[in-house]
Amino acid sequence: MKNRMELMAPCHFGLEAVLKREIQDLGYEISKVEDGRVTFLGDAEAIAVANMFLRTAERILLKVGSVHAATWDELFDGVRDMPWEQYLPVDAKFWVTKATTVKSKLFSPSDIQSIVKKAVVERLKGIYGVSWFAEDGAAYPIRVFLMKDEAVLTLDTTGESLHKRGYRKLTAKAPISETLAAALIMLTPWKADRILVDPFCGSGTFPIEAAMMAANIAPGMERSFLAESWQNLVEKRKWYNAVEEARDLINPSVKTEIQGYDIDGEVLKAARENAKRAQVDHLIHFQQRPVSELSHSKKYGFVITNPPYGERLEEKEALPELYTQIGDAFRRLDSWSEYVITAYEDTENYIGKRAAKNRKIYNGMIKTYFYQFPGPKPPRRNTVIS
């Protein structure tokens, strides 16, 4: 198998640029950026490194091939012609875990899954000289993307989505995902030497992701990945190396001021537990406090938050007052920068100011906006040379 492979990293729609920068920072070459995913080139080691270190990707997929497929025959023939034997050993357990189709003539996911499985089996029967596969070895889930009659076939190296860092056992009612929280923090100029407050912290995702960034804790350190069992493609040593590198990069003595507030004491208990599991509880101060009491004596801090946006009718009625309170708090923090992700369309009206930037981001199927209110930069510290 060639050294260089094409790897695909799906992400939240609207956050492709953040993921692209992350991949480039790891030293990999980007080959394509599309809506909701970034494709890059890497070797077997890149599979381990990307899974371990990328904060904003949903999973890492290994591209097997692509084919024009406007008919079932074209799909079957194209998939059968791909070099599956380079990826799947004779005992591989393989199935089509997901088929996504957009603006394509083939639009039935279950039929696509069935045809692709048959085509892969047909290919491997000829290569391995067997008529039946035990499928009792390592798992190799196949994912298919059909866009405008172009089918892309991939293997999922990750398993459970990368937003599952392993620290969040307890969640609030409408939690923001870890990957989305990390991406939104990266869209701001926040750094560990600036204060960060989330007044609607729920189960603590924003503060925890920020603390992990501050301490340089890799998001994949406390979990496993499906491709760890793919010894034909990624030798065990590469996974050990990734963990070792992640350990070496942690900055345990970092000083940072991160706070999470919420009005729900039970939810805060969960947030504290989650922070402990992520090994950043010493970096975060959680407190039961409503947004109406949000204030801070220090200047030039950051608010990054995901307030309620009224999915239910009775909640919607409380939003004008809540967002007015958010606006009042922002006026008290007049030197601060504020960043708010919400689906509430009257956000700017009730907060009482226009955002400098307003970015559309899909949080699952919900269209949300990331309102950005950057404050003044802190004055430069004069360095005295003696």
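Predicted model: local features only at pLDDT ≥ 70, side-chain atom pairs only at ≥ 80, totals over all residues.
**Entry 1**

β13 and strand β14 (residues 366–373) run antiparallel and are joined by 7 bridges. They belong to an open sheet of 7 strands with mixed pairing, and I read its order as β10-β9-β8-β11-β12-β14-β13. At the edges I found β10 (284–288) and β13 (357–363), each pairing on one side only. From one strand to the next, the twist averages 20°.

**Entry 1: β11, inside that sheet**

Next I went to strand β11 and checked both of its partners. Strand β8 (residues 196–198) pairs with β11 in the parallel sense, over 2 bridges. Strand β12 (residues 337–342) also runs parallel to β11, and 4 bridges join them. V303 turned up in both pairings: V303 is the bridge partner of V197, and V303 stands opposite E338 in β12.

Which way do the side chains of β11 (residues 302–305) point? F302 and I304 go one way, V303 and T305 go the other, and all are buried.

**Entry 2: helix α5**

Helix α5 (residues 178–186) does, touching β11, β12, β13 and β14, and its direction makes about 165° with that of β13.

Is α5 largely enclosed or largely open? It is largely enclosed by the rest of the structure, because 8 of its 9 residues are buried. I wrote the buried ones down as E178, T179, L180, A181, A182, A183, L184 and I185. Their cover includes α1 (16–25) and α6 (205–214), along with β11, β12, β13 and β14.

**Entry 3: the other sheet**

I zoomed in on one pair. Strand β4 (residues 61–68) and strand β7 (residues 150–156) are antiparallel over 7 bridges, and within that pairing S66 stands opposite V152 of β7.

**Entry 4: the nonpolar cores**

Which members of the largest nonpolar core touch the most other members? The core has 61 residues, and the answer is W84, L88, V116, I142 and L155. Helix α2 (residues 44–53) gives the most to this core, with 8 residues.

The contacts I noted for L88 are F94, V120, L124, Y128, Y140, L155 and N232. There is also a second, separate core of 39 residues, which includes I185, I208, A210 and A215. I185 was already in my notes as one of the buried residues of α5.

**Entry 5: two helix pairs**

First, α3 and α4. Helix α3 (residues 72–80) packs against helix α4 (residues 109–128) at an angle of about 40°, and their axes are 8 Å apart. With that angle, α3 is oblique to α4. The crossing of α3 past α4 is right-handed. From α3, the contact uses W72, L75, F76, V79 and R80; from α4, the residues include D111, I112, I115, V116 and K118. V116 is also on my list of core residues that touch the most other members.

Then α2 and α7. Their axes cross at roughly 40° and come within 9 Å, which makes α2 oblique to α7. α2 passes α7 in a right-handed crossing. On the α2 side I listed A44, E45, I47, A48, N51, M52 and F53, and these meet K238, W239, A242, V243, E245, A246 and L249 in α7.

**Entry 6: D248**

My last stop was a residue in helix α7 (residues 236–249), namely D248. Is D248 buried or exposed? D248 is exposed, because its relative accessible area is 64% and the cut-off for exposed is over 50%. I also checked D248 against N216: they are 32 residues apart in sequence and 9.7 Å apart in space, C-alpha to C-alpha.

Definitions and conventions: Residues numbered from 1 in each chain as written. Heavy atoms only, no water. Pairing = 2+ DSSP bridges. Core = buried A, V, L, I, M, F, W, Y, C linked by side-chain atoms within 4.5 Å. Buried < 20%, exposed > 50% of the residue type's maximum accessible area, 1.4 Å probe, protein only. Contact = heavy atoms within 4.5 Å. Axes fitted to C-alpha atoms, helices over the stretch in contact; angles between N-to-C directions. Parallel < 35°, antiparallel > 145°, perpendicular 65-115°, else oblique. Left-handed = near helix turned anticlockwise from the far one by under 90°. Lists of a residue's contacts leave out its neighbours within four places in sequence.
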